[in-house]
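Work through the two exercises below with the sequence and the model open side by side, and try each task before reading its solution.

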Amino acid sequence: MLKTRIITALVLLAVLLPVLYSNNPTAFAVVASIFFGAAIWECFRLFNPGAKSAVAIAAAWTLAFAYAFFMREQGDPTFWFAIGALLWALRFAPTLKLGLPPLASTPNTLLSLLYAISLVACFAAIVMLFQYSALFLLSVLVIVWSADIFAYVCGKTFGKNKLAPSISPGKSWEGAIGGGVVTLLLASLTVLFGGEALSNTFAVRVQASFGWAGMLAVIALIVVASVVGDLFESQLKRRAGMKDSSNLLPGHGGVLDRIDALVPVLPLAALIATRL
């Protein structure tokens, strides 16, 4: 399993990094649309296990996304970022305490549509952050990856108190806090010692605009949002009786399994980026 996981990760990097740095808008649009389509398909599978219409629905959403963000002149995408951030604050985060509606119910159908909209907001943010620069987009992704990796390390080393035992028994408060602290430290080191090479990264730009207190607050908020996104998808999988959102990425599960923490983070980061 580890070998398969590593091979899949290397293949993804071999595809994604050249696309990001090729300065080829068509290649970026194709890859972004493919990943969006996979995420939407997995979304409707999680909300409606066994539904035969998921592929057709995902195809329709993907065509609409590609048209809206790549085939016509874009308007101001800030609307999508604000909608994404509000959905997570007002609808998805509370379910971690209140629970999800039953499958095959009207509230579940409505929630699935709202989550699909949040995926549109997430990928709209990817488009916008990439327009700043590939490095700027990657720097936001690295914040989330850092929080996730070090949460795992700190949880394995110090974890005693369960963060959400009914949703994801493996996560601990010590892991989440430790991952956040290390991420804040790394962001601070980037600002202090990144120099010209990292001057266009998210943390550096936020610090330049909002100062040290503002930068630390923003990074902490992003870490919290990433944990919420991770737990929400875990909750969806547990309710649907699925271990992974799909098996599209051998060793990793599905696309949503890789971007769950990014879904609430990227619209938030993009919204902040509009003020830099």
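A crossing of two helices is called left-handed if the near helix is turned anticlockwise from the far one by less than a right angle, and right-handed if the turn is clockwise. The model used here is a predicted one.

**Exercise 1.** Describe how helix H3 packs against helix H6, giving the geometry and then the residues that meet.

*Solution.* Step one is to recall that two packed helices are described by the angle between their axes and the distance between the axes. For H3 (residues 54-71) and H6 (residues 106-132), the angle is about 35° and the axes are 11 Å apart. Step two is the handedness, and H3 passes H6 in a right-handed crossing. Step three is to list the contacts, taking heavy atoms within 4.5 Å as the cut-off: H3 contributes Trp61, Phe65, Phe69 and Phe70, which meet Leu113, Ala116, Ile117, Val120, Phe123, Ala124 and Val127 of H6. Sorted by type, the residues of this contact comprise 11 nonpolar, no polar and no charged ones.

**Exercise 2.** Compare the span of helix H9 with that of a straight helix of 39 residues, and locate the kink in H9.

*Solution.* Then look along H9 for a bend, and a kink of about 130° is found, centred on Gly211. Finally, follow the chain just past H9, where Gly241 adopts a positive phi of about 70°.

Definitions and conventions:
Residues are numbered from 1 along each chain as its sequence is written. This is a predicted model: local features need pLDDT of at least 70, side-chain atom pairs count only at pLDDT 80 or more; totals for chains, interfaces and linings use all residues. Side-chain values use heavy atoms; hydrogens and water are left out. Axes are lines fitted to C-alpha atoms, for helices over the stretch in contact, and angles run from 0 to 180 degrees between N-to-C directions. Helices (H or I, at least four residues) and strands (E, at least two) are DSSP runs, numbered from the N terminus. Ala, Val, Leu, Ile, Met, Phe, Trp, Tyr, Cys and Pro count as nonpolar, Asp, Glu, Lys and Arg as charged, and the others, Gly among them, as polar. The expected span of a helix is 1.5 Å times one less than its number of residues. The bend at a residue is the angle between axes fitted to the seven residues ending there and the seven starting there.
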